[in-house]
Amino acid sequence: MTATRLSAATSILSAIAASALLVGCSASVDVGTSTPKLSADKLATTVSEKLAATTGQPKPKITCPEDLTGKVGTTTRCTLTADDGSTLGVTVTVSSVKGEEINFDIKADETASPASN
């Protein structure tokens with residue numbers, strides 16, 4: 001019964017997760033400060049744009065709880081939320097820092113969480 005209740009949005013989330021895992025998304029942002037740090041809002045926008053470009057889907061709604069510090073190995077967890085309220089976790093990991101430019105990898109979780117009612 002649970003399988004029949006999967007919504008189209010959850011299917012899209014699964015497609016995004018599969019594509020992000022297979023492609024190994026990464027992004028690069030020049031933050032323009034002496035201590036590299038990317039704001040949570042800019043990080044969310046960049047992750048959304050990168051996932052959309054990778055999957056060929058519309059830009060998903062992404063929220064990130066904190067700024068990303070430009071130190072190799074630093075990670076943060078963002079959340080992709082579908083129209084039906086289901087969510088998918090997205091891990092962002094700093095892969096390199098070149099001056100003020102932070103390069104990071106994006107990996108979506110394999111399984112979406114259903115919407116909480």
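Biologist: What does the protein chain average in pLDDT?

Modeller: pLDDT is the predictor's confidence in each residue, from 0 to 100. The protein chain averages 80, and 69% of the residues score at least 70. This is a predicted model, in which local features need pLDDT of at least 70 and side-chain atom pairs count only at pLDDT 80 or more, while totals for chains, interfaces and linings use all residues. Residues are numbered from 1 along each chain as its sequence is written, and side-chain values use heavy atoms, with hydrogens and water left out.

Biologist: Where in the protein chain is confidence lowest, and where is it highest?

Modeller: Where pLDDT is low, the predicted coordinates should not be read in detail. Here the lowest mean, 49, belongs to helix α1 (residues 8-23), and the highest, 97, to β3. Over residues 1-10 the pLDDT stays under 50, and the model has eight contacts for them beyond four places in sequence; contact means heavy atoms within 4.5 Å. Residues 18-24 also have pLDDT below 50, with 10 contacts in the model beyond near neighbours in sequence.

Biologist: How many helices and strands are there in the protein chain?

Modeller: Helices (H or I, at least four residues) and strands (E, at least two) are DSSP runs, numbered from the N terminus. The protein chain has two helices and seven strands, in the order α-β-β-α-β-β-β-β-β from the N terminus on.

Biologist: How do β6 and β7 run, and how many bridges join them?

Modeller: Two strands pair if DSSP finds at least two bridges between them. β6 and β7 run antiparallel and are joined by eight bridges. They form a hairpin with two residues between them, and G99 in the turn has a positive phi of about 65 degrees. One of the bridges pairs K98 with E101 in β7.

Biologist: Which residues have the most contacts inside the largest nonpolar core?

Modeller: In soluble globular proteins, nonpolar side chains tend to be buried together. A nonpolar core is a set of buried Ala, Val, Leu, Ile, Met, Phe, Trp, Tyr and Cys residues joined through side-chain atoms within 4.5 Å. Buried means under 20% relative accessible area, exposed over 50%, and partly exposed in between (1.4 Å probe, protein chains only). The largest core has 20 residues, and those with the most contacts inside it are L43, V47, I62, L68 and F104. α2 (40-55), β5, β6 (87-98) and β7 (101-108) each supply at least two residues of this core, and the largest share, five residues, comes from α2. Leaving out residues up to four places away in sequence, L43 touches several residues, among them C64, L68, C78 and F104.

Biologist: Which residues does a disulfide join?

Modeller: A disulfide is a covalent bond between the sulfur atoms of two cysteines. The rule applied here is a pair of cysteine sulfur atoms within 2.5 Å, and the count comes to one. The disulfide joins C64 to C78, with an S to S distance of 2.1 Å. C64 lies in the loop between β3 (61-63) and β4 (68-69), and C78 in strand β5, 14 residues apart. The torsion about the S-S bond is about 105 degrees, so the disulfide is right-handed. C64 is buried because its relative accessible area is 13%, and C78 is buried at 1%.

Biologist: Is T81 buried or partly exposed?

Modeller: T81, in strand β5 (residues 75-81), counts as partly exposed because its relative accessibility is 24%. Leaving aside neighbours within four places in sequence, T81 is in contact with K61, S86 and T87.
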